[in-house]
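The tour below moves from one selection to the next.

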Amino acid sequence: MSSSNRLPSEPPRPEIEPPESVLDPAMQTAVKNFITLALENRSKKQKRKSSDDAVEGDSEKSVHKLGRFYSRQDDPFSRIDTIVNFGIQHEVADDEESNTEAPPLSIRETRLLRSWKLLCSIIPNFLTEMLALSDNRPVRKAMCQEIYKGVTAARADDSSSLRGWIPAYILLDPKEALIPPIQAKARHYNDRGFHHPATASLLCPLKYPDTPETYNSIKAGKLSVTATLLPRFLFPDKTVYDPMDISKDLLSGHVMFRAAKHIFQGPSSALEEPGAHRGKQGNAALSGITSMTPYTIAYVAMQVRFCLSSTGSWAAKDGAFSYAEFYWHIVGLLDDDEDEECTDIINLYNHHVFGTANPHGDANGTDAIEVENEYDVIKSQRAGKRARRSL
């Protein structure tokens, strides 16, 4: 990812590159050994897998896997080094200002703090090790670079996989054929974006007329498409724009649900019924994700937007459209535990991805609700029959 993938308010900073002239090979090996040990500690806490899965897990074990655990659950635009630097400063400041009231955090600082806490929860001993390396920036920076490689690799894998499959997810009825067809694998993607009527319709802001004239105006630059406008793929098929209730059915588009299942359960599950899973473990199980969140849903929306577009490679912006801004708009719409609409949307995604609105409901993954025991009813009815016969 280039340095253009930073938040709009973030000042320019150099790319994170391991300073080879400072960090000798022995130190690099020590860093990788620490991260590998952290992975082993994490794997021991997870549910024991079958022998085949264990072999596969051993072969995949690397420092990049830590970044993969983190990648789909949080801000994909801030560098790990930036997050860790802020986290260390925050922890030190907390110790120094324990008896004084700390100033309120800015929006960007709040985001970085959440990222820092998530990293510390995912990577065993991460907080302790980073604080121990607070005065050794070269080693700390090299470790962050290794983790960040996993972040970008996971995002690239998701983009590559979803890009190949998304033509099958576009139409509400997946058995229908796209006309004209879209190549699942291609060197260039000029048969997508606003060049194809189906993808153009999904990318077109809902408030714009869904017509070829609109698509041509967008391609000619006469109409702007920015992250402040809601694309049609966020809504169910045939949704009509209602200026009095813009949020009606927001984030309920069939492409979104299919992409969420694709990313977190696997391509073979994307077109199956809600909660159905086929094949090997998906990214949700591998990363320990048991519930969708504002961040995972925003990640899905970002990937869908990119895979429908004609952009050839990942970039922070597609013309006037900012992926970072789009991501944070989605998070902002959902990140409110007290808003019933936010809860309903997250429950809806949990239903499609995991098969239940509340994955923590009980051991069977279903909500804990009282159900009449029909076997007890049969016994009661039989007792009633016997009583009547004895009269």
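In which helix does Leu 119 lie? Select Leu 119: it lies in helix H5, residues 107-122. Helices (H or I, at least four residues) and strands (E, at least two) are DSSP runs, numbered from the N terminus.

Two conventions apply throughout. This is a predicted model, in which local features need pLDDT of at least 70 and side-chain atom pairs count only at pLDDT 80 or more, whereas totals for chains, interfaces and linings use all residues. Residues are numbered from 1 along each chain as its sequence is written, and side-chain values use heavy atoms, with hydrogens and water left out.

**The whole chain**

Display the entire chain, which has 15 helices and 2 strands. Of its 391 residues, 43% count as buried; buried means under 20% relative accessible area, exposed over 50%, and partly exposed in between (1.4 Å probe, protein chains only). The accessible surface of the chain comes to about 21,000 Å², and 51% of that surface belongs to carbon and sulfur atoms. Accessible areas come from the Shrake-Rupley method with a 1.4 Å probe, and for residues only the protein chains shown count as cover. Among contacts in the chain with a separation of 6 or more, 69% are between residues 24 or more positions apart; contact means heavy atoms within 4.5 Å.

Return to Leu 119, which is buried, with a relative accessible area of 0%. Then select Leu 66, which is 53 residues from Leu 119 in sequence, with a C-alpha to C-alpha distance of 9.0 Å.

What does the side chain of Arg 114 meet in a salt bridge? Its partner is the side chain of Asp 74, at 2.4 Å, N to O. Asp 74 lies in the loop between helix H3 (64-71) and helix H4 (80-96) and Arg 114 in helix H5, so the pair ties together parts that are 40 residues apart in sequence. A salt bridge is a side-chain nitrogen of Lys or Arg within 4 Å of a carboxyl oxygen of Asp or Glu. Asp 74 is buried at 1% relative accessibility, while Arg 114 is partly exposed at 27%.

**Further salt bridges**

The count by this rule comes to 8 salt bridges. Select Lys 149 and Glu 146, whose closest N and O atoms are 3.6 Å apart. Both residues lie in helix H7, 3 residues apart, about one turn of the helix. Lys 149 is partly exposed at 34% relative accessibility, and Glu 146 is buried at 10%.

Continue to Arg 278 and Glu 272, a salt bridge with its closest N and O atoms 3.1 Å apart. Arg 278 is partly exposed, with a relative accessible area of 47%; Glu 272 is also partly exposed, with 33%.

**Backbone geometry**

Most residues other than glycine have a negative phi, and most peptide bonds are trans. Select Asn 125, in the loop between H5 and helix H6 (126-132). Phi of Asn 125 is positive, near 65 degrees, and the residue is partly exposed at 48% relative accessibility.

Lys 238, in the loop between helix H9 (212-219) and helix H10 (254-265), has a positive phi of about 70 degrees. Lys 238 is exposed, at 73% relative accessibility.

Which residues does a cis peptide bond join? Select Ile 179 and Pro 180, where omega is about -10 degrees. Pro 180 is found in the loop between helix H7 (137-165) and helix H8 (197-203).

**Charged surface patches**

Finally, switch to a surface display. Patches are made of residues with over 30% relative accessible area and no salt bridge, like charges being joined within 9 Å and nonpolar side chains (Val, Leu, Ile, Met, Phe, Trp, Tyr) within 5 Å. Lys and Arg count as positive and Asp and Glu as negative, while His and the chain ends are not counted. The place of a charge is taken as NZ of Lys, CZ of Arg, CG of Asp or CD of Glu.

Select Arg 382, Lys 385, Arg 386, Arg 388 and Arg 389, which form a positive surface patch. Arg 388 is in helix H15 (residues 374-389) and is exposed at 55% relative accessibility.

Glu 341 lies in helix H14, residues 340-354.
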